[in-house]
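Hi everyone, and thanks for coming. Let's have a look at the model on the screen together, and please keep the sequence open beside it.

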Amino acid sequence: MDHLFEKTIKTTPIYQGKVIDLQVDDVTLPNGQKSKREIVKHPGAVAILPITKEGKLVLVRQYRKALDKVIVEIPAGKLERGEEPDEAARRELEEETGYRPKALNYLISFYTSPGFADELIHLYECADLEKGEGALDADEFLDVLEVTLEEAERMISDQTIYDAKTAFAVQYMKLKEVGRT
């Protein structure tokens, strides 16, 4: 066992919601002392880096209550119970943008905030898109944007793009472009 491991003694559920659950874990630290850890449990999510035939990145602009502001992001959404990440990626992309991917390319999975949450995002890329019709959830309102890589980089600089998954995806796209030259 790793010498940094914390042993859970007790888990106390605090809240069970539609998107997240909250719990407090009593733990024994590596030095034998006791502590508490507040943890957000999340079913996981997908994010998609959709690129049009013209080489533009498809983004969504939406209000985020936790930030109390409108930001621009890549299409993304949570996994439904029993849903495979690639299925969720296809569903979320079409629901939010109207685009259907002919093929998805899995890039990487990463934790969003491992200090207090177990949310794992699976990131996909797709460049072969067919335009269809979106079907937003009843409580979802957004605008679809198509921007160049340079425009997306400016959006990161001016904090229109304000979240890690989107900044990561834009940087990935930039590295891919650099690799082609």
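**Pockets, a helix and a hairpin**

Let's begin with the second largest pocket, which has a volume of about 270 Å³. Bear in mind that this is a predicted model: local features need pLDDT of at least 70, side-chain atom pairs count only at pLDDT 80 or more, and totals for chains, interfaces and linings use all residues. Residues are numbered from 1 along each chain as its sequence is written, and side-chain values use heavy atoms, with hydrogens and water left out.

What do we mean by a pocket? On a 1 Å grid over the protein atoms alone, where a 1.4 Å probe fits, a pocket is an open set of points with protein on both sides within 12 Å along at least five of seven lines, and lining residues have an atom within 4 Å of a point. The volume is the space filled by probe spheres set on the points, which are joined across faces, edges and corners.

Which residues lie nearest the centre of this second largest pocket? They are Glu6, Asp25, Arg37, Ile39 and Pro114, out of 15 lining residues. Strand 2 (21–28) and strand 3 (34–41) each give two or more residues to that lining. Strands here are DSSP runs of E, at least two residues long, and helices are runs of H or I of at least four, numbered from the N terminus.

Those two strands run antiparallel and are joined by eight bridges; two strands pair if DSSP finds at least two bridges between them. For example, Leu22 has Val40 in strand 3 as its bridge partner. Together the strands form a hairpin with five residues between them, and Gly32 in the turn has a positive phi of about 90 degrees.

Now for the largest pocket, with a volume of about 1400 Å³. Of its 39 lining residues, Val19, His42, Arg64, Glu73 and Glu119 are the closest to the centre. Which element gives the most to this lining? Helix 1 does, with four residues.

So let's turn to helix 1 itself. Its 13 residues, 85–97, should span 18 Å at 1.5 Å a residue, and the end C-alpha atoms are 18 Å apart, which agrees. The expected span is 1.5 Å times one less than the number of residues. Among the buried residues of helix 1 are Pro85, Ala88 and Leu93, where buried means under 20% relative accessible area, exposed over 50%, and partly exposed in between, with a 1.4 Å probe and protein chains only. After the helix comes Gly98, with a positive phi near 85 degrees.
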